[in-house]
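Dear colleague,

I am handing over the structure we spoke about, and it is placed directly below. After it you will find my notes on what was found, which I would ask you to read with the model open beside them.

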Amino acid sequence: MYLKWTAPKNRLREAENARHERAEIVRALSHGQVSRRDLIKCGLFTAAGLLLPIRGLNPFVRSAYADSQIPTGAPPSPLFGAKPFTQPMPRFDLLPRNSLATLNPAPQAESNQTLQAVDPALGGGDGPIEGRPPGPVWAHQRFDLFPPRVAVEVTKEGARINTQYNPGVFSRLNSGIDPTQPFHPNFHPNFPDQGPQTLWTNNGTLPPKLLQVRYGEPILFRDHNRLPADVSLNGGFGRHTTTTHEHNGHHGAENDGFTGAYFFPNQFYDYHWPIVLAGHDTINVDATDRRAGSPDGSGGITMVPGDWHETMSSHWFHDHMFGFTSQNVYKGMVAMLNIYSALDRGNEGINEGVNLRLPSGTTNDFGNLDYDVNLLVEDKAFDRDGQLFFDIFSFDGFLGDVMSVNLAFKPFFEVERRKYRFRILNGSPSRFLQFQLSDNSPMIQIANDGNLLPNPVPLTRLDLMATAERYDIVIDFSRYNVGDKIWMVNVVEHEDPRGPKRTVSLAEALAGLSSDPCVGTFLEFRIVRDPPQPDQSQVPAVMIPNPDLSTIPVARMRTFVFGDQGRQTADDPFTSALHGPWGIGTDDGDQLTASFGRVSAAPSFGTREIWTLRNDGGDWDHPIHIHFEEGRILARNGSASNVPAWEQGRKDVYRLHPDGSVTVSLQFRDFGGMFMEHCHNTVHEDNAMLLRWELDDGGAPFLRPLPTPIPTPRGVTFFSPDEILPTAYTGSGRSTS
Ligand SMILES: [Cu+2]
């Protein structure tokens, strides 16, 4: 937790010195000059990760000048005189959708292994231009069936000024921001620009990027790595290798951003995102149900196969680098992805009996953003120079002391007197958030984790929101007068990253009495005018009912226990480089720390399973993300009646609660390969609460089990899995072909 500016000056100085010395060691660790083991040997480090309070190295322990209110502390982030609500909130920056012909070289099913010279900083020699693992196992699945129709290219690179900002709406709907003006990589005009080593984003620019896609329109996402070839040019944290996960895409594993399928500077990786409805092969296969559809561009519907009950809306994509996800996402490798469908069209005016007509706009056939606003909420911290600060030594998690929305420090947003949809994403490394409006008026939750709920849920206070969770809400500003202001308030207080300490009352939060600087108002809504057109949007009483599971047999039950007793059983230096303390126990086995060479579960293709996720920690919370198929929560702590209304739809992140359990129904359909399950407190994930599971298709077209990719700048090699847990494969037989 953070010291207040009112803390004694000598205590602040001491903390700043401690942070500085610590940063030196962090740098050495992040450059690979020292290992964790070295630091433990030197007595500077404990196995649990905490830097010991020697020579003032740890700003997080009680000092000689102990502040009785806040027992641990780093110095507060400097704000350079910036006051809250003095800058407009930028809308996301739209990624261009190009024709396939713009891609050079043309995309192909198998990884493009054309050789190029490798930078001497990466060891020189020759290596492939594409970092995707080679060969048929990592070829795009069903590439002929789902040929890409839209090309999207981004480069991961260091911070630079944006001269091509496209918010997708007129300036009056973007709080007056003139997009033709250069957009600086800073968090407020008073703040210094972030340096190219500190901030790494899609295209190197701010605001964060938004990609708009629709069902039945496969995307080829070419991701270029132009991060520094020299691993030490990272501003003290972050790793120059990356892999991109489209969270929670229903795509083949070669396009899922597998944590061990990362690629190097000067390489690219082609991700093929088919954007199909789950159940493509088994439900509505002849595409005759208009509810399973996509906007056709002219007011009608293009019908697609699959189950319309599986329609998804609000995704995000982010780095998933093994051991470095928290740092890389915090550095800015984060974007959002809106999926449009017949049901959720992004046009509130079209009334053909299927469109739910949620707040959006009417100008374009689909994907209007006028009244449909993405909100990325993150806590950040800054060093004395105003550069992003991250502490890679705290294995519990990382908390910032500055709230940002769309990577802007506490902005304002101008709205009209009508309904708006907000797609809120918690992108913090570890922080839980919980929102309320300053006048205690209602919001309507319509979606959870990108899945529209069966029925809307009016709430004055949203549920806790963990990292990676998305809540879509509707706020009706017609109840206010022009000139009014209201604020979004965070009411959950952290003392450390273990989980929320407590939820404060609205009055307490507004009074600014919390010792947690992220409690209180963080986004100001300014009601500036009446809408020029009548609000045609609605929030229907029925949105997307759940898929019917009653006739689908349960092939298998599995149990996963999440705790801090992680043990490493693999010794491969690539796949098991992480050392805990966090681990996952599978089916009553020991808690194991991550090795992406270990297969922990292998459900059979085409089946349904029930997984119970249990929290082993007394006062911890863990938000668990299962890749590939969204699930339905059947029970919390063993009882269906514990599942609140806003979790009655489908989800992909499951908060376990302290000592709690969540029982989830999942199906495994349409694509195969190796996927992950992990804590989305990204610091827990990196240290090393993550496992690999893969689909067992019985042998074809995949191998069983799949070979583990080991990326190098000179190409990817493969090894047999280090370990296969005894209960991984269905039944007693186990093939190791
Ligand atoms: Cu966790």
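R418 lies over the face of Y371, at 3.6 Å from the ring centre, where a charge counts as sitting over a ring if NZ of Lys or CZ of Arg is within 6 Å of the ring centre and within 35 degrees of the ring normal. Another such contact is made by K331, whose charged end sits over the ring of F237, 4.3 Å from its centre.

Please bear in mind that this is a predicted model, in which local features need pLDDT of at least 70 and side-chain atom pairs count only at pLDDT 80 or more, while totals for chains, interfaces and linings use all residues. Residues are numbered from 1 along each chain as its sequence is written, and side-chain values use heavy atoms, with hydrogens and water left out.

Y371 also belongs to an aromatic cluster, together with F413, Y420, F422, F477, Y480 and F525. The structure holds 40 aromatic pairs, a pair being rings of Phe, Tyr and Trp (its six-membered ring) with centres within 6.5 Å, called stacked if the planes are under 30 degrees apart, edge-to-face if over 60 and tilted for the rest. Y269 and Y271 form a stacked pair, at 4.1 Å centre to centre and with 15° between the planes; both residues are buried, that is, under 20% relative accessible area, against over 50% for exposed and in between for partly exposed (1.4 Å probe, protein chains only).

The rings of Y330 and F398 have their centres 5.4 Å apart and their planes at 80°, so this pair is edge-to-face. Because Y330 lies in helix 3 (residues 325-330) and F398 in the loop between strand 14 (372-380) and strand 15 (402-405), the pair ties together parts that are 68 residues apart in sequence; helices (H or I, at least four residues) and strands (E, at least two) are DSSP runs, numbered from the N terminus. Y330 is buried, with a relative accessible area of 2%, and F398 is buried with a relative accessible area of 2%.

Finally, the copper ion is coordinated by H622 (ND1), C679 (SG) and H684 (ND1), at 2.0 to 2.1 Å, donors being N, O and S atoms within 2.8 Å of the metal (3.2 Å for Na, K and Ca); water is not among the atoms, so sites may look incomplete. Along the chain these donors follow the spacing H-x56-C-x4-H, and both H622 and C679 are buried.
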